[in-house]
Amino acid sequence: MGFESFHGNAATVRRLRECARSGHFPQGLILAGPKGAGKYALALMLAQAVNCLENAESDGLPDFCGHCANCTRIAEARNLEERLAEAVAARDDMRDADKRETRILIQTHPDVLIIPPDPPQLMIKLGQVREVIHAAFYRPPVEARRAFFIFTCSAFMKEAANSLLKILEEPPRGTSLVLLTENPHELLPTIRSRAMLYRLGALPAAEIEKLLAERRPELKAPQRALAARLAEGAVGRALNLDLEAYLASRKDALLVLKTTLRDPDYSELFRATETYRGGADGQEKTINLLRALGSLLEDLLLVVAGTPDLIRNLDLRAELERMGQGLTVDWIEAASRAVVQVEQGMRRNLLRSLSLDAMAVSLPER
């Protein structure tokens with residue numbers, strides 16, 4: 001337990017712990033970094049460290065014990081997806097009149113409130129920010145030294161962003177608002193100017209491989225190397241990567257590219273795309289295919305640029321180099337646009353198998 005379980009970005013973590021030790025923890029805090037870099041985990045750890053009843057320390061800096069009442073209750077929010085699903089299910093069981101007025105919030109500790117994007121738009125809404133304002137101004141911390149309000153994404157509706165700005169201008173004492181984002185520039189400049197920004201950088205692939213050897217011993221060395229590259233420096237993404245599902249999606253993505261780049265025999269492609277049907281399972285399968293296809297196109301771009309050592313799909317290096325012969329940046333750009341068009345078609349409920357076939361057939365000759 002404690003901060004020793006957080007991997008990477010030691011300098012950033014140390015600076016934040018020093019803020020906690022000084023007693024001047026930021027009232028407005030932005031944690032920025034790629035998806036899976038550990039922003040949410042770090043935010044919860046900071047809430048635990050500031051409010052740990054055992055006043056745990058390590059290396060002369062505040063830490064958290066992991067077993068006191070505050071630490072355990074805050075930790076119950078660690079599985080964000082599970083808690084979010086519970087909150088959405090609870091709202092779905094309400095009467096329609098109540099459902100419209102209820103916003104999604106997660107709270108396992110009375111002084112730590114998690115604000116996720118509210119379905120179906122998956123944005124932070126005005127009603128959620130109003131709940132934060134009410135709690136911050138009218139319910140001072142009762143079981144913790146400092147109240148934490150953690151916004152898990154930076155996609156705010158306009159009215160919500162403007163409302164958040166008001167509390168950031170004059171936040172109550174004993175309150176910290178933590179905003180998590182992959183890109184700080186998605187936030188209003190006025191919000192960024194009123195919060196301290198800390199960045200979490202990508203971890204080296206070698207460090208992620210070492211961690212995978214400890215946490216996922218079932219993976220063989222080549223699989224760990226592939227997973228580490230696919231994670232793009234994000235620990236959480238590497239630990240949670242379903243490599244088997246990715247490889248299945250990549251197999252179909254390769255088929256799309258091979259059908260386009262070689263003498264086309266569309267019969268095998270049509271048999272594969274026929275399995276991409278409607279429903280939630282079909283949607284997830286199609287999204288995984290498009291992500292795998294995007295990964296392969298990025299690797300082809302690196303091959304064409306003369307930097308094959310940077311590709312992510314290491315096990316396909318020889319095949320990607322063969323496929324890249326004679327390709328141009330314009331062709332790869334056209335293929336990438338075609339992928340985006342399929343994604344847009346999914347939002348309009350177009351037939352997925354037909355969209356994938358049309359994409360493969362419409363790509364230009366090399």
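Predicted model: local features only at pLDDT ≥ 70, side-chain atom pairs only at ≥ 80, totals over all residues.
Trainee: What is the order of the strands in the open sheet of 6 strands?

Mentor: Start with the terms. Strands are DSSP runs of E with at least two residues, helices are runs of H or I with at least four, and both are numbered from the N terminus. Two strands pair if DSSP finds at least two bridges between them. Pairing in this open sheet is mixed, and the order is β4-β5-β6-β7-β1-β8.

Trainee: Which are the edge strands?

Mentor: Look for strands that pair on one side only. The twist averages 20° from one strand to the next. The edge strands are β4 (106–109) and β8 (196–199).

Trainee: In which sense do β5 and β6 pair, and over how many bridges?

Mentor: Strand β5 covers residues 112–115 and strand β6 covers residues 147–151. Leu 113 stands opposite Phe 149 in β6. The sense is parallel, and the count of bridges is 4.

Trainee: What angle does helix α2 make with β6?

Mentor: Helix α2 (residues 39–51) packs on the sheet. Its contacts (heavy atoms within 4.5 Å) are with β1 (28–32), β5, β6 and β7 (175–181). Axes are lines fitted to C-alpha atoms, for helices over the stretch in contact, and angles run from 0 to 180 degrees between N-to-C directions. The direction of α2 makes an angle with that of β6 of about 175°.

Trainee: How many aromatic pairs does a search of the whole structure find?

Mentor: Rings of Phe, Tyr and Trp (its six-membered ring) pair if their centres lie within 6.5 Å; planes under 30 degrees apart are stacked, over 60 edge-to-face, the rest tilted. One of the pairs is Phe 25 with Phe 148, tilted because the planes are at 55°, with centres 5.6 Å apart. Phe 25 lies in the loop between α1 (10–22) and β1 and Phe 148 in strand β6, so this pair ties together parts 123 residues apart in sequence. The search finds 3.

Trainee: Why is the pair of Phe 151 and Phe 156 called tilted?

Mentor: Phe 151 and Phe 156 are both buried (under 20% relative accessible area; exposed is over 50%, partly exposed in between, with a 1.4 Å probe and protein chains only). Their ring centres are 5.5 Å apart. The pair is tilted because the planes are at 40°.

Trainee: How far is the sulfur of Cys 52 from the closest cysteine sulfur?

Mentor: A disulfide is a pair of cysteine sulfur atoms within 2.5 Å, and by this rule the count is 0. Cys 52 is buried at 0% relative accessible area, and Cys 65 counts as buried at 16%. The closest sulfur to that of Cys 52 is in Cys 65, too far for a bond, at 3.6 Å.

Trainee: Is Ile 106 buried or exposed?

Mentor: Ile 106 is in strand β4. Leaving aside neighbours within four places in sequence, its contacts include Leu 80, Val 112 and Pro 116. At 4% relative accessibility, Ile 106 counts as buried.

Trainee: Is Arg 271 buried or exposed?

Mentor: Arg 271 sits in helix α13 (residues 266–273). Its C-alpha is 51 Å from that of Val 112, 159 residues away in sequence. At 58% relative accessibility, Arg 271 counts as exposed.

Note on methods:
Residues numbered from 1 in each chain as written. Heavy atoms only, no water.
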